[in-house]
Amino acid sequence: MPAVNNVLVVGGGIAGMTAAIALKRAGIQCGIAEINPRWTVIGVGISLQGPALRALAMVGVLDRCITKGFGYSHFKACDADGRLTGTVQLPRLNGPRYPATIGVMRQAVHEVLQDALAAAGVKVRLGVTVSALAQHDDHVSVGLSDGTRADYDLVVGADGANSKVRELVFGGGSKPQYTGQAVWRATVRRPAEIEARYSFFGPRNKAGFNPVSAAEMYVYLVQNLPEFIRVPDDQLPEVMREQLTDFRGPLAAAREEIVDPRNIVYRPVTSGIMPTPWYRGRVVVIGDAAHATTPHMAAGAGLAVEDSVVLAQLLGADQALPDLLKTFMSRRHERCRMVVDNSFQLGEWEKNPGAPEADPVGMLDKSLKALAQPF
């Protein structure tokens with residue numbers, strides 16, 4: 001018998017959808033409450049590296065995700081003129097049939113997961129989130145923002161960096177903090193020669209490419225910005241192009257294609273990890289709600305998927321819930337802490353490139369090898 005029989009997942013993003021799919025595969029009834037009434041996703045592309053692909057394989061959606069994206073197995077670091085300074089070979093964790101990593105449009109991943117939810121019969125309530133949680137020895141009484149109430153064996157907070165579940169249960173002290181950088185992403189055409197992820201290190205900022213399909217890639221820019229500045233939508237292309245004027249070669253060519261604000265996402269970079277444990281009673285938080293990492297290792301989505309898979313595997317066991325949640329923490333905390341800390345350090349070195357100990361390629365290589373280990 002599973003440790004729980006009826007679970008509410010709060011949040012219908014990558015973490016929440018994967019958690020619900022994994023729970024159903026473990027024989028546990030579950031539903032999702034998603035605050036967005038349209039269930040759309042804001043964003044351009046993301047990287048799903050070997051650990052993320054391995055976890056997606058465990059919930060049966062890897063092949064569809066592969067067909068939606070662009071696969072590659074190495075990462076290149078270059079200077080502002082495009083000269084190669086380092087290459088990181090990415091581990092192919094899923095065997096020779098699969099690439100080490102894919103770049104893929106975020107909406108495409110959501111569509112794959114939404115289809116899997118529908119096939120599994122998971123009920124999704126849109127336009128609602130939690131407004132109250134009352135814990136009891138054998139259940140959680142949940143009040144939703146539409147005024148309805150229900151009881152569950154467990155509530156999983158997968159509602160992102162600004163988690164309402166985390167706020168209700170743990171208070172506001174664990175909210176991720178701004179790091180002094182902002183990230184830009186703009187979708188453009190993919191030249192045939194761009195067949196992997198690239199990073200270019202310029203005098204002010206880091207930028208690069210990530211292919212997401214046969215026809216498209218996105219240009220990303222990590223901007224050093226002591227205080228985050230809001231930019232009106234109609235000014236986004238102009239400001240992003242200006243920030244890319246330090247770069248030459250293929251990045252300069254791609255810069256001229258950045259003209260449509262609808263194809264640009266501009267966000268502050270935040271970072272933070274909750275102190276242990278990430279659960280209290282019959283409520284647990286996962287993904288960005290527990291450990292929001294910067295994008296420097298492209299590992300945030302992968303950690304969220306891993307959280308979901310591990311939690312569902314444990315909850316399917318015939319053991320006491322407190323023991324299972326304690327095991328969940330022992331399997332997840334140090335791995336996630338490593339990613340949060342090392343990603344933050346990579347950002348600090350970008351802000352202070354003259355630091356004598358700076359070794360971004362070495363740290364990235366070491367970190368990816370650690371993530372290649374079983375979770």
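Analyst: Two strands count as paired if DSSP finds at least two bridges between them; strands (E, at least two residues) and helices (H or I, at least four) are DSSP runs, numbered from the N terminus. This is a predicted model, where local features need pLDDT of at least 70 and side-chain atom pairs 80 or more, while totals for chains, interfaces and linings use all residues. Residues are numbered from 1 along each chain as its sequence is written, and side-chain values use heavy atoms, leaving out hydrogens and water.

Let's go with strand S1, which covers residues 6-10. S1 is mostly covered, with four of its five residues buried (under 20% relative accessible area, 1.4 Å probe, protein chains only).

So who are its partners? One is S2, residues 29-34, which runs parallel to S1 and is joined to S1 by five bridges. Look across from Val7 and you'll find Cys30 of S2. Strand S12, residues 154-157, is another parallel partner, with four bridges to S1.

Now follow the chain: S1, helix H1 (residues 14-25) and S2 form a β-α-β unit, and the unit is right-handed (with the strands pointing away from the viewer, the path from the first strand over the helix to the second runs clockwise).

Notes
Buried < 20%, exposed > 50% of the residue type's maximum accessible area, 1.4 Å probe, protein only.
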